[in-house]
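Please keep the structure open while reading.

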Amino acid sequence: MAATGGRVRFNEPMRLHTTFHIGGPAEIWAEPANRQELRQLLELAREAELKVTVVGGGANLLVGDDGIPGLVVHLGSAGFQGYERRDGGILAGAGLPLEWLIRRCRQEALSGAEFLAGVPGRVGGAVRMNAGTHDDEGRVHSFSDLVRSITLMDLSGQVQSLSRDQIPFAYRRSGLEGGIVLEAALGLVPDDPDAIEERVKRLWAFKRRTQDWSAPSVGCIFKNPANAQAAGWLIDRAGLKGHRVGGAMISPTHANFIMNVGDAKAADVFALIEEVRGRVRKLFQVELDLEVQVLPNPDGVRHRGA
Ligand SMILES: Cc1cc2nc3c(=O)[nH]c(=O)nc-3n(C[C@H](O)[C@H](O)[C@H](O)COP(=O)(O)OP(=O)(O)OC[C@H]3O[C@@H](n4cnc5c(N)ncnc54)[C@H](O)[C@@H]3O)c2cc1C
């Protein structure tokens, strides 16, 4: 495929591209260098009637053992990792890792992105998931708090800009399922770099204390239900901490984390998820919804039957 200057691989194991270290092969894995190449890839996929899936840092993905059919696009090349000051904030490429975003903001003496400390992934994934967290003082933060506008490419290669109020952000959702985020304009406020650094360190320490980083995971598996206790609380009370199926285990420290403690298959994780759901349903009459994105997703971005 000439369109990507050679950054195309066939049957690429997705376990190499997910923080879970789980997942069968992507039929075609492509890392376009820039928008032009991305547009060409989408055109080729359209002609070949291939399903298109976009992935970022893979920090919220559960990829099935049979892998992902069609084209998997990863915006990880330098052409999608741009960063520039814009209107007092910054314009960040979708492929920019959140860790770099935090570092660049500190260098530019801009505050607001510190809450992303300890949230793995990239800007595009954070927009799409509306990544968020609460801090060590109990304040809730979401990526949508930062977004002023985004640039989106649809599957026909058309690019449009959406302002913050045109994006239906909600808890862990953005309503952007049909498009590819290219960049995001973020609103930030000036602050002292040392004070920013201090907050980042404190939040990192808080994450390390409250989450489980002992083995590969995707962070929280389930969303917190709207009208019930947090998912982790429910799973803990159901007595499931440490419960294991194959190589997948409910974290003994954070019950909403499933850890890959030994070459887990996606099938192990799915089985564990169903057990958790069943126990929580039976004990608390609460239906747990997944936060992790399952691929291939029958409702995801696709050409065929779209
Ligand atoms: C240890 C650990 C801790 C975590 N803690 C948190 C936390 O505190 N808060 C939180 O919210 N999350 C947390 N997560 C989950 C994860 O960090 C976030 O969901 C993050 O936003 C995922 O970004 P990503 O780039 O890795 O996206 P991916 O996992 O690659 O993709 C996630 C979704 O976004 C889509 N997507 C990716 N890039 C684009 C793009 N450019 N355009 C359109 N769609 C795209 C994908 O198709 C997929 O549906 C944690 C994960 C781990 C492993």
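**From one bridge to the whole chain**

Val 245 has Ala 248 of S16 as its bridge partner. The model is predicted; local features require pLDDT of at least 70 and side-chain atom pairs count only at pLDDT 80 or more, while totals for chains, interfaces and linings use all residues. Numbering runs from 1 along each chain as its sequence is written. Strands here are DSSP runs of E with at least two residues, helices are runs of H or I with at least four residues, and both are numbered from the N terminus.

The bridge belongs to the antiparallel pairing of S15 with S16 (residues 248-250), which extends over two bridges. Two strands are taken to pair if DSSP finds at least two bridges between them. S15, S16 and S17 follow one another in that order in an open, antiparallel sheet of three strands. S15 (244-245) and S17 (258-260) each have a single partner strand and stand at the edges, so one side of each has no neighbour in the sheet. Helix H6 (residues 266-284) packs on this sheet and touches S15, S16 and S17. The direction of H6 makes about 30 degrees with that of S16. Contact means that C-beta atoms, placed from the backbone, lie within 7 Å; axes are lines fitted to C-alpha atoms, for helices over the stretch in contact, and angles run from 0 to 180 degrees between N-to-C directions.

At the level of the chain, there are three domains: domain 1 (2-78), domain 2 (81-210) and domain 3 (231-294). Their bounds come from an automatic or database domain assignment. The centres of domain 1 and domain 2, taken over C-alpha atoms, are 23 Å apart. Between these two, 16 residues of domain 1 contact 15 residues of domain 2. On the domain 1 side, helix H1 (35-47) and strand S3 (52-55) are the elements that give two or more residues, and H1 has the largest share with five residues.

The ligand is surrounded by 31 residues, the closest being Gly 56, Gly 121, Gly 124, Gly 125 and Gly 219; a residue counts if its C-beta atom, placed from the backbone, lies within 6 Å. H3 gives the largest share of the shell, five residues. Domain 1 and domain 2 each contribute at least three residues to this shell.
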